Each structure stands twice: as C-alpha cells, then as structure tokens.
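Please look over the notes below alongside the structure.

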Amino acid sequence: MLGLLPSRSHCIQSSSTHPKRRFSTSSDRTNIWKDKIISKEINKIDEARKTRIRPALSTLDGRRWKLVCPVCEKPNAIHVRGCTACGFPLRSEDVDELDENVFLKIINGSNMEHKVRHRDEEMLIFEDKFKISKYHLDAIPIRVIEDITHLTSTDVPLLERMYKRGMDCLREMTRDDPLWKTRDVEDHAIVGFISSQLHSLIIRFNLPVSVYHLHCHMVLPPLLHYDAFKFPRFYPYSKVISQLKSNGTITPNIRENPDPIQEEWWQWTVSHAATRLENDIEPKSKR
C-alpha cells in the first residue's frame, strides 16, 4: 500500500458479532447506513478523509485498487459511487490497494470468513460476506476467469451447472423458512431483461468487477437496497447465456450515454418485482 495512505482506523466499529459492519444482515431494508450512522460518525469519516490523498481514480489499476467503504469496509470497484453493500456514498479518498483476487483464498481454504454451501472440482458456492439479503450467494468457477468478457460459448455448460447448483443451495437454505416453505425459489427468478412475468430471485454478473474472478450473484428478496442492480453494470444471467449462445462472446453494455428507457425499465422491474414478492409472502397487514 502506498505510504501516502494512512491506516483505515476511522472505519466505524460496532459491538455486533460482525464488528466491521453497521447494518444488519437480515432482510430488513431499514437497517442500512442511513438509519445507523449518526452525524458525528459521518463527521469522523469526513475528517479522516481529509488526511488522505485524493487520487485520480482513472489512473489506478482496478485489479488492485478498490474503494473501501468507511462504514462496512466492503471493497468496491473504483467505478462505483456508492457502496454496493450498504449504499454509503464513496469518494476517491476511500481508495486502498488490496489483493487482486480474494476468491483464490476462499478456494484454497486460507479464507474461512465465507460459509461454503457447495464445492466440487469445477465450482464453489458460498454466502456473500457483504450480503444484501438474508439469502445472498456467490457462485464462482475454480479456474480463474476474470469476468464475463473472458467467457466463450464453450463456458455455457459450466454457467448452467453453476446456476443449477446455486438453486439447489437456495432451496436447502430456505427449506425451513416459513416464507419460502411452499414456494420453489426458481419460480421467483429474474434472469433477464425481458420476461412474461415479474419474478424476484435476482441472478446476475457485474462489469466492471470488484474482484477479477468471475462470480454470479444469486439474491433472494427482501433486499436491503437495489443499488447493486444498476444498469449498465448489471448483467442478468440469461442475457449472458443468450449472448454466448448467439455470438460466442459478451457485448458490454454502453457505458457512455446508456439508453435511459432501458435503464429506467430495468430499475423499475427489479424494484417492482421484489416488492410484489414481498407483499405476496408477507402481506402488509401482518407486518
């Protein structure tokens, strides 16, 4: 790490079982940073930021340099403007140099902070450390594939097996949950931009990535927030599969001047679908 960057001792601490986080890992969306951080704590963060350099993010290598959230300490891609875990606004002073691929430590067993739900010779499925819902899994291949732009049509069978195993893990995790006992999670899946019905298990990839090792997020609502599902960084699973089957490669979303209609439609789809499912499984009259 550059000597010009002081330590991150200003990160907010908590007395919870996960002391580096300031919001609950439950599905209650009121438990985000806005409801937990008081003004003096925000002032503490701002004062600490003044002691750090303000680098030009465009000059940094996104493989090692991340925007580390001062609230929950999640490493974020340098392209995002808000923490994808707790939603806290990020600034260039929050940048730090970290390991390029933290997932390799999960694969080789040196990182035990993530609960592994499935492991075999070609994939690993584990609970996201910075989950945005009660049920939030990451599915990764054992071999290093940096991101979706490194995929080819030959990888489709692997992605489909990751999807299937992830669904099996979610079914096992929700087996005793009264909210899901009578429902199959796969019947509530948003896997693409176009669907005849609105479903609510969100399966997606990101580009640009925060970790240069392909990972598929599988998230079941209720969600803490929807900041992690913004277009154009959001790539639904079915869109990736469709492009690989038809073109053999992934065409990145247009980042400059993206289609506002598509962006607005997708944001509405995600929020409306999740809300609809939440109302279905937990009517407001019973909350």
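1. In which sense do strand S1 and S3 pair, and over how many bridges? This is a predicted model. In it, S1 (residues 65-68) and S3 are antiparallel, and three bridges join them. Trp65 lies opposite Glu97 of S3, and Lys66 lies opposite Asp96 of S3.

2. On S1's pairing with S2, the sense is again antiparallel, here over two bridges. Leu67 has Asn76 of S2 as its bridge partner. The two strands make a hairpin with six residues between them. In that turn, Glu73 has a positive phi of about 65 degrees.

3. Taken together, the three strands form an open sheet in the order S2-S1-S3, with antiparallel pairing. S2 (75-76) and S3 (95-97) are at the edges with a single partner strand each, so one side of each has no neighbour in the sheet.

4. Are the residues on the faces of S1 buried or exposed? Both faces are covered: Trp65 and Leu67 on one side are buried, as are Lys66 and Val68 on the other.

5. The largest nonpolar core contains 33 residues, and Ile148, Leu159, Leu170, Phe205 and Val240 have the most contacts inside it. Elements giving two or more residues to this core include strand S5 (123-127), helix H4 (156-173) and helix H5 (237-247). H4 supplies the largest share, nine residues.

6. Beyond its neighbours within four places in sequence, Leu159 is in contact with Leu151, Phe205, Leu214, Tyr237, Val240, Ile241 and Leu244. Another core, of 18 residues, lies apart from the largest one; Cys72, Ala77, Cys83 and Ala85 are among its members.

Key. Residues are numbered from 1 along each chain as its sequence is written. This is a predicted model: local features need pLDDT of at least 70, side-chain atom pairs count only at pLDDT 80 or more; totals for chains, interfaces and linings use all residues. Side-chain values use heavy atoms; hydrogens and water are left out. Two strands pair if DSSP finds at least two bridges between them. Helices (H or I, at least four residues) and strands (E, at least two) are DSSP runs, numbered from the N terminus. A nonpolar core is a set of buried Ala, Val, Leu, Ile, Met, Phe, Trp, Tyr and Cys residues joined through side-chain atoms within 4.5 Å. Buried means under 20% relative accessible area, exposed over 50%, partly exposed in between (1.4 Å probe, protein chains only). Contact means heavy atoms within 4.5 Å.
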